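Subject: Structure handover

Hello,

Here is the structure you are taking over, with notes on what was found in it. Please read the notes with the model open.

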Amino acid sequence: MKRLHGPELSAAARSAVEAVLPWVKHPTGQPRPPRAEVAAAVRLSAAVLEELAPGHSVEVRVPPFTAIQCIAGLEHRRGTPPNVVQCSPITWLRLVVGAEDLLGSDADTSGTRASAVAEHLPLFKI
């Protein structure tokens, strides 16, 4: 499969997020979408962040679907990274659309650079 970049990636990510948007906006009032739809929305939106904030100083983890490195700064190469943002798929997608903010969410953040991810959120205003 061809890896998407730029406007193609943004369009695909927006479409994938829109497909699960009712659940993202109201997680307790809507059934969870199929796993493949949630996975696509998470992976594609994380790839958008990776393009918007290139670098290797912060690792963003959304298990079980993806882990990316972003934010310019000192590179991390082995072992546990010093700057990590980790959250569930629903929390990630709520951050992506602005339904939550990073510091007020239940995302686990560690390291002095982790909060820099918040500067790039939300990714989409839907």
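Predicted model: local features only at pLDDT ≥ 70, side-chain atom pairs only at ≥ 80, totals over all residues.

Two backbone atoms lie close to polar side-chain atoms of S105: the oxygen of L102 is 2.9 Å away, and the nitrogen of A107 is 3.1 Å away. Apart from neighbours within four places in sequence, S105 is in contact with T91, L95 and E100.

T91 and L95 take us back to helix 4, where both are among the buried residues. How many of the nine residues of helix 4 are buried? Nine of the nine are, so the helix is largely enclosed by the rest of the structure. Just past the end of helix 4, G98 has a positive phi of about 85°.

Leaving out residues up to four places away in sequence, L93 touches V17, V20, W23, V24, V38, A41, V42 and S45. L93 is also one of the residues with the most contacts inside the largest nonpolar core, together with L49, V60, W92 and V117. That core has 40 residues. Two or more residues each come from helix 1, helix 2 (21–25), helix 3, strand 1 (58–62), strand 2 (66–70) and helix 4 (89–97). Which element gives the most to this core? Helix 3 does, with eight residues. As general background, nonpolar side chains in soluble globular proteins tend to be buried together.

**Helix 1 against helix 3**

Helix 3 also has a contact with helix 1 that can be described in some detail. The axes of helix 1 (residues 6–19) and helix 3 (residues 35–52) come within 8 Å, and they cross at roughly 145°. The crossing is left-handed. On the helix 1 side the contact is made by G6, L9, S10, A12, A13, A16, V17 and A19; on the helix 3 side, by E37, A40, A41, L44, S45, A47, V48 and E51. By type, these residues divide into 11 nonpolar, three polar and two charged.

The C-alpha atoms of S10 and V48 are 6.3 Å apart, although the two residues are separated by 38 positions along the chain. Not counting residues up to four places away, S10 touches V48 and F124.

Q69 belongs to strand 2.

Beyond the strand, I71 and P81 both fall in the loop between strand 2 and strand 3 (84–86). I71 has a positive phi of about 70° although it is not a glycine. Is I71 buried or exposed? Its relative accessible area of 4% makes I71 buried. P81 also counts as buried, because its relative accessibility is 9%. Between P81 and H26 there are 55 residues in sequence, and their C-alpha atoms are 33 Å apart in space.

**Cis peptide bonds**

The bond from P63 to P64 is cis, with omega near 5°, and P64 is in the loop between strand 1 and strand 2. The bond from L121 to P122 is also cis, with omega near 0°. P122 is in the segment that follows strand 4.

Regards

Technical notes
Residues numbered from 1 in each chain as written. Heavy atoms only, no water. Axes fitted to C-alpha atoms, helices over the stretch in contact; angles between N-to-C directions. Helix = DSSP H or I, 4+ residues; strand = E, 2+ residues; numbered from the N terminus. Left-handed = near helix turned anticlockwise from the far one by under 90°. Contact = heavy atoms within 4.5 Å. Nonpolar A, V, L, I, M, F, W, Y, C, P; charged D, E, K, R; others polar. Core = buried A, V, L, I, M, F, W, Y, C linked by side-chain atoms within 4.5 Å. Buried < 20%, exposed > 50% of the residue type's maximum accessible area, 1.4 Å probe, protein only. Polar contact = N/O pair within 3.5 Å; in protein donor to acceptor, adjacent residues only side chain to side chain.
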